[in-house]
Amino acid sequence: MARVVIVSNRVPLPSQGAKAGGLTVALRDVFKQGALWLGWSGEIAAETATSAKIHNSGKLDFATIDLSEDDYQHFYVGFANSALWPLLHFQPGLLEFDREDFAGYLRVNAAYAKALAELLRPDDLIWVHDYHLIPLADALRALGVKNRIGFFLHVPFVPASMFGILPPAERLLRMMCVYDVVGFQARQHLHDFEDCLLSFLNIARQSGESISIDGRAVTVRVMPIGIDSRGFARRAKKAVLGRTAHRLLESIAGRAFMIGVDRLDYSKGLPNRFEAFGYLLDRFPEHRMNVTYLQVAARSREDVAEYQRLKRELDRLSGEINGRYADFDWQPLRYMTRAVSRASLAGFYRQARVGLVTPLRDGMNLVAKEYVAAQDPDDPGVLILSRFAGAAEELTEAIVVNPHDPEEITEAMHAALTMTLDERKDRHEKLFGKICQTTAVTYCRDFLNALAGTATSTDTLTSQ
Ligand code: GDG
């Protein structure tokens, strides 16, 4: 059986403890059968390494490379997170393009390729993740690597009119076409990718899931990421009996409880959500003293200036809302920028009458799925979901909102807080059914089957 080699920007090294992050969470349970995972160590060194350090960890070997400060700044802070991330989240106003950053991006991808090429076996299946690594297949092919290589984009893709803003748009698009398989979270992202192919390269999909470029076939497919829904449901059921959940329950003192869990990122729509909560207390006085909203917003990418601005904005908004509405024994908005443990999170979701997931754009958004999985089917909470999260293509029984309209979010909060038990149960049953259909396992299996060239069979992963 072919070995699976995963490449992503960061690797979930057990010695560094679990970090918040969608990819880590989705893949953790699946690759128990032996695999290699290569990525950045998280360490800065004098020089970027072109040979990896190997960390043996049971069946899963990790290979890491250190980056130089200069490469970290140009590749990670610069091109990946100050150009590609804002653009792919429809924020061209935040895009900062710099040729030196792009050169750093190509240089680091070449270093990853060199480090990986030394470790490859001829029949390895190489699965590359996310926007940091678009040029990797091109860099590997330049070194003579012949293995099958697939790419999955965790974030959205954008239409040609938006992608074209990026100076090296066409070059990046060509690099995506070097892969054998390119996977997207949602139909809309694939549609926008095809729009770019047509506009920039004059390539149209003929039939099925293949495009033809320079005499090669590239499989392009929607493969939505999922979670271990039943496992997460069990975890939540247990967590709610634990000490942390008990402390939360005591502190909310019988009030309705709403939760949001997001990395502190401008794509997650947090200022609008906070504003919407302020309007809720303004417009619907019956909720004053009767609802508590907890926003867990773990800090991320603090080296990028825009993230520091966002934090200041949220500090201001939360202070304003609490200053205006709090009473001596009630704080309406609890906002924390520390991460909480995964077990605590599962219990918190289950205790929440409303799950707030209102990103301005999101590839998928796993929090939406975790919230649904964690609910008590006999007394479930209500998911409020942005129409611009990839998850909205599947989770249509949520209350779906436009996250750019805080008042629409307010109305959704009111509807969720006053929804009948029958309606909550009905919506939850359908949503839970859906997240059990598309799971972390089906996602990995679909991708690896496509990569192995056995797109319709289901045995690639299970027979490992
Ligand atoms: C990218 C795409 C796509 C968050 N805070 C804490 C914590 N988390 C966990 C959540 C969830 C994960 O992190 C976040 O995943 P998301 O999917 O919501 O978002 P991104 O990190 O932006 O991920 C996204 C994803 O990749 C996967 O393809 O869905 O669209 O942007 O699992 O629970 N976990 C803990 N403490 C926290 O404070 N333990």
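The following legends describe close-up views of a predicted model.

**View 1. The shell of residues around the ligand.** The ligand is surrounded by 25 residues, and the closest include His 154, Val 340 and Asp 362. Leu 366 and Glu 370 are also listed among the closest. By residue type, the shell comprises 13 nonpolar, seven polar and five charged residues.

View 2. In the side chain of Glu 370, an N or O atom lies 2.5 Å from an oxygen atom of the ligand. The corresponding distance is 2.6 Å for the side chain of His 154 and 2.8 Å for that of Arg 263. The ligand taken alone exposes 730 Å², of which the protein buries 93%.

View 3. At least two residues of the shell come from each of helix 1 (22-28), strand 10 (256-263), helix 12 (342-351) and helix 13 (366-374). Domain 1 (4-226 + 441-463) and domain 2 (229-437) each contribute at least three residues to the shell around the ligand.

**View 4. The length and the ends of helix 16.** Thr 439 caps the N-terminal end, with a side-chain oxygen 3.2 Å from the backbone nitrogen of Val 441. After the helix comes Gly 453, which has a positive phi near 80 degrees.

**View 5. Buried residues of helix 16.** The buried residues of this helix include Ala 440, Tyr 443, Phe 447 and Leu 451. Thr 442, Cys 444, Leu 448, Asn 449 and Ala 450 are buried as well.

Terms used: Residues are numbered from 1 along each chain as its sequence is written. This is a predicted model: local features need pLDDT of at least 70, side-chain atom pairs count only at pLDDT 80 or more; totals for chains, interfaces and linings use all residues. Side-chain values use heavy atoms; hydrogens and water are left out. A residue is near a molecule or strand if one of its heavy atoms lies within 4 Å of it. A polar contact is a pair of N or O atoms within 3.5 Å; within protein, one must be able to donate a hydrogen and the other to accept it, and residues adjacent in sequence count only if both atoms are side-chain atoms. Accessible areas come from the Shrake-Rupley method with a 1.4 Å probe; for residues, only the protein chains shown count as cover. Helices (H or I, at least four residues) and strands (E, at least two) are DSSP runs, numbered from the N terminus. Ala, Val, Leu, Ile, Met, Phe, Trp, Tyr, Cys and Pro count as nonpolar, Asp, Glu, Lys and Arg as charged, and the others, Gly among them, as polar. Domain bounds come from an automatic or database domain assignment. Buried means under 20% relative accessible area, exposed over 50%, partly exposed in between (1.4 Å probe, protein chains only).
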